[in-house]
Each structure stands twice: as C-alpha cells, then as structure tokens.
Amino acid sequence: MKSYVIIGNGTASAACVEGIRSVDREGGITVVSGENHHVYSRPLISYLLEGKTDTERMKYRGDSFYADNGCDLVYARAVALNPGKKRVTLDTGEELPYDEVCVATGSRPFVPPIEGLDTVDRKFGFMTLDDALALREALTKESRVLIVGAGLIGLKCAEGIRDLAGSITVCDLADRVLSSILDPECAGIVQKHLEANGLHFMLGDTAVRFECNVALMKSGKRVEFDVLVLAVGVRAETGLVKDAGGEVGRGIVTDGRMRSSLPSVFAAGDCAEGFDSSTGSNRVLAILPNAYMQGFTAGVNMAGGDRALTNAIPMNSIGFFGLHVMTAGAYGGEMTEERSESGLRRFFTGEDRLLGFILIGETGRAGIYTSLIREKTPLSSIDFELMKKSASNMIYSAQIRRNKFGGVV
Amino acid sequence: MKRIYVNEEWCLGCHLCEYNCAFANSGMSDMVSALKGKKIFPRIHVEGDDRITLAVSCRHCTDPICQKSCIAGAISKKDGVVKIDRTKCVGCLTCVLVCPYGALVPGENGTMQKCELCLENSCGEPACVRGCPNRAIVYEERGGAE
C-alpha cells in the first residue's frame, strides 16, 4: 500500500486527493496544512468581506472531505523535503515518510522593500482567510484605505471592502488597472466603472516611502490613510523543492504529468510552472481551474495512473460591481473587435486559430470561445463571422453539433 | 447513465422546453401562476436561426470542466449528475467561461443554476423531454461503457 503526502491544503491539494482516489482507494494520504483551516475557496475571501458568502459556505469541500477520502490532516508547516530518504520534515520536528509527495504550497505575497513600511501600524496582505478576517476587523466606516496594487487581488479586495470603508484609493506603478490581463483601452473601460463605484486611482504612481499613516508617492504626492493593503504581486512558494536540489524557475518546474525534476516529487497549483498551450511555453498559471487540473493530474500519476495536462491556458472570469470581464489565451495575432450597447469583445486570431479574447459586459456562453482556444479548432472549420456576433453552437457544422449533442461527452 | 440528447432535425423551435423547465424548477404547482407575465430563467435554451434550432442544456460530461473550475467548490458530480450548490455559488461565472457547450446561464439572482435532470424536483424526470412535442429531446442511455 502506497503512502502519499500532500504539502498544502488549497485547491490543488484537494484536487490531488481526488486524483489519487480516482485510482487508489487504499493508500494512506497525509495532508499538511500551514493554515489552521479546513480547505476553503481562496478566491472567495473578497466575497466574504462583501457579505456574499460566509466561512461555512466558503469551504471548498464538505466537512467530511478528509474522512471520506481517508486523509490525515496535519496542521503544521513543512520545513524540509528529503527526496533521497523520501521524508518531509515538519516544523513540529515530526518526519513524514512517503512513497509519492505533491508540493502544493501555493504562493506568498511579494512585499516590496519600501522604506518606512515598518512604521505603518495597520497593514495587511490579501491572500488568506486570516488576512481577510484581520482586515475586516481593522476597518470602520471612516477608514481611509490605500491599496498598493491594481491587479486582480487588489481590485477584488477593493470591491469586497467598499461598503466597510470610508474611502478607497488604489495605486499601481503600471499605467492601468489589471495590466496582466487587459490592454490599455479595455483597462480604461473597467477603471471608469470602478471609479463610478467609488474607487479612486493613482496609476503610474506608487508609494516609495511611508511615514506612519502617510504614503509618499513617486509623483511627490502625499496620501494619508488609516489602513494599508499590499497587493503588489505574489511569488510561488518553491523553497522546499529548491532547497532539495529540484529545478525551479518562477515556479517549480514540472512536466505534463506534474512531475518535478526530483524523483517521486510532484508539484501543482500556484507554486508550479506548467505548460501553457496558448503560448507553447512553461509558466506559472496562477488561476484556480488550473490548480485543480494540475492537482488532479498529479494525484492520478502519483497513484500509478497516467494522465497528462496538455491544454491549460490562462483564463479569468472576474466581476466588479456587476460588470463581468472574461479573458483567455494570448493576445497576439490580429485583433477583431465587436462593440454593442452592453459591452465590448475583442478576439485575437492567427494561423487559422482563435488565440485569445477579452470580453467586457457581454460574456454569455463564453466557454464556446474558450474551447476553440483550448482545442485549437481551425477557424476555417467554423462560421467565424457568426462567432464574432455571438457565442453559439451554430458556428459548428451540423455534423459536429450532432456529435456534441447526440453523444456522450 | 441516462442523459438528455437532442436532434436538431426534429426541433420545431417552439421553446416549450424552456417553459417546462422553468415551471418544473419553480417549486409551484400551477404553471400559469409560476410563469405568466414573468421573465423566465430556464436551464435549457433554444439556439439557432430561422432554419435550424437546437435545445442546449448541461451535457453532464464524463469529465466536467465546470466542476474542476468552480472557484467556490459549488459544482459536484454524483452518480453521473453534475450539480450545483447555489448557496455556495458567488456568481463569478467561471463555469460560463469554461463550458464548451455554452450550456450554463445564470439564474434570477445572478448565481448559477443548471440542469440537474429534474431528478429532485416535482417532475422527477426531465420536464423538457416530457413536454417536447416532436421528440427532439430524449432522455436515454447512449454510448458505450463509462
């Protein structure tokens, strides 16, 4: 009987458990959780502050998840990995032997070395449930909040706390919001919507020095605040594998089966670099669907099955104050745009393929577009003109529709 | 397992399936008071143009990408049926972003709802199938071993 250890207790970890159990019902699984919580849906922390969920409903899997899957859950931090002896050392001093291990340690916030940061009393990250609960505790209706970082984390945080705070200012060194997923024009549309909902922005500008409750900005401006949120970026948590001599880039380097360069060591989720089929290169795809797919893939292979993850792409569905934005793939090639009263859609095409898209406001049935990217469907085989007008199964030939809707898929 | 299959050549484009779906999931016993004068939010949608029409609902995929992608862990699969726990859904629409069939559409309050084959509502079997006047939607076993 095999014994498995999974380091981490987020989405990739839960998926790894499910992947292992799809092959092996018997082997023992130990889950090492650095956070003192049942597995929860990390992206829901902003919805928690907004009041759209609670700590009970945001459990990613039910209360009996570990018991149902025959897992031992250990609340501790892994401090060393020894692939020679096949052991994981915990901060409690305990050593866990394993036959196969999955590193699913996620990422940690990148805290820039800004002068005077230590003089700021109330400063928070926005990565964990504990971060969110502590932030909620610190806020009053009068709080002036400064959020450093106008990316996905910073902006979801802003949305989540808007009604709990007095004012919210978001700054970012980038010249636009959501610079990792939106081009300048699309970012402008989203920014306008966010401003209409009460957020203030200082873009192309960031804090270079703090003096207690004052941020001195690169532009020379001074911003007074009561609460500071740092959402500058994240770094993959790769230390265990790196220290054990494994190959690490921006994340733990993996093959298509989520094996790291170390024997019997797998990696999945935000700590891992995987294959991005939209660019054909390896990168950290720090999104929840990818964490699940990587974790599940790792689990199947750890248990002796054979599963490869070949069609992962970056994709995001994100809403702010009722405006939904969806993006997927890469923004190369030729751009085609469709505008209407309710929104804007941009398609990026090249070599007879849909490479990527940005949808703002009009997001219905977007999965049809996403699947064209993932499956690398030749555009010459579908009705591309119709596809631009709306996402519909009518873009396919009758024969393809027959296969899709007349058979088991 | 039994699933819903559609044959576009027999579809009349009458949209009855949408009304029967909305009624079956309304929790009400009278169709008129459940639907009359209201915007309906069915879990099956007729697509197409004036030549071809097709009713699209959840395919209950063998390897459902919506379940894997749900950021709230609200989508699960049990005994082949892909279900959503609407109390956990926060309406992020990631499932809409990934469903290759365009089968998922939000419900009235912005959270997601989906076809669960009417197994747990008052109909007990897919209402879209039962009410289809031309047998364009069927509920049966197809395909080989799963």
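**Chain A, overall**

I started with secondary structure and counted 11 helices and 26 strands in chain A. Helices here are DSSP runs of H or I with at least four residues, strands are E runs of at least two, and both are numbered from the N terminus. The radius of gyration of chain A came out at 23 Å, close to the 22 Å from the globule rule for 409 residues, so chain A is as compact as a globular protein of that length. (That radius is taken over C-alpha atoms, and the rule is 2.2 Å times the number of residues to the power 0.38.) I also noted that the C-alpha trace of chain A spans about 60 × 60 × 35 Å along its principal axes.

Housekeeping: this is a predicted model, with local features needing pLDDT of at least 70 and side-chain atom pairs counting only at pLDDT 80 or more, while totals for chains, interfaces and linings use all residues. Residues are numbered from 1 along each chain as its sequence is written, and chains are lettered from A and ligands numbered from 1 in the order in which they are written.

**Burial and core**

Next I checked burial: 46% of the 409 residues of chain A count as buried. Buried means 20 or more other C-beta atoms within 10 Å of the residue's own, with C-beta atoms placed from the backbone.

The largest nonpolar core holds 166 residues. A core is a set of buried Ala, Val, Leu, Ile, Met, Phe, Trp, Tyr and Cys residues joined through C-beta atoms within 7 Å. Helix α8 of chain A (residues 288–302) gives the most to this core, 8 residues.

I picked Ala268(A), one of the residues with the most contacts inside the core. A contact is two C-beta atoms, placed from the backbone, within 7 Å.

Among contacts in chain A between residues at least 6 apart in sequence, 62% join residues at least 24 apart.

**Where B meets A**

I then looked at the interface, where 35 residues of chain B are in contact with 37 residues of chain A. On the chain B side, α4(B) gives the largest share, 4 residues. By class, that side has 17 nonpolar, 9 polar and 9 charged residues. (Ala, Val, Leu, Ile, Met, Phe, Trp, Tyr, Cys and Pro count as nonpolar, Asp, Glu, Lys and Arg as charged, and the others, Gly among them, as polar.)

**Inside chain B**

Last, I looked up the domains: chain B splits into domain 1 (1–57 + 119–146) and domain 2 (61–114), with bounds from an automatic or database domain assignment. Their contact takes 8 residues from domain 1 of chain B and 11 residues from domain 2 of chain B.

Key: Buried ≥ 20, exposed ≤ 12 C-beta atoms within 10 Å, placed from the backbone.
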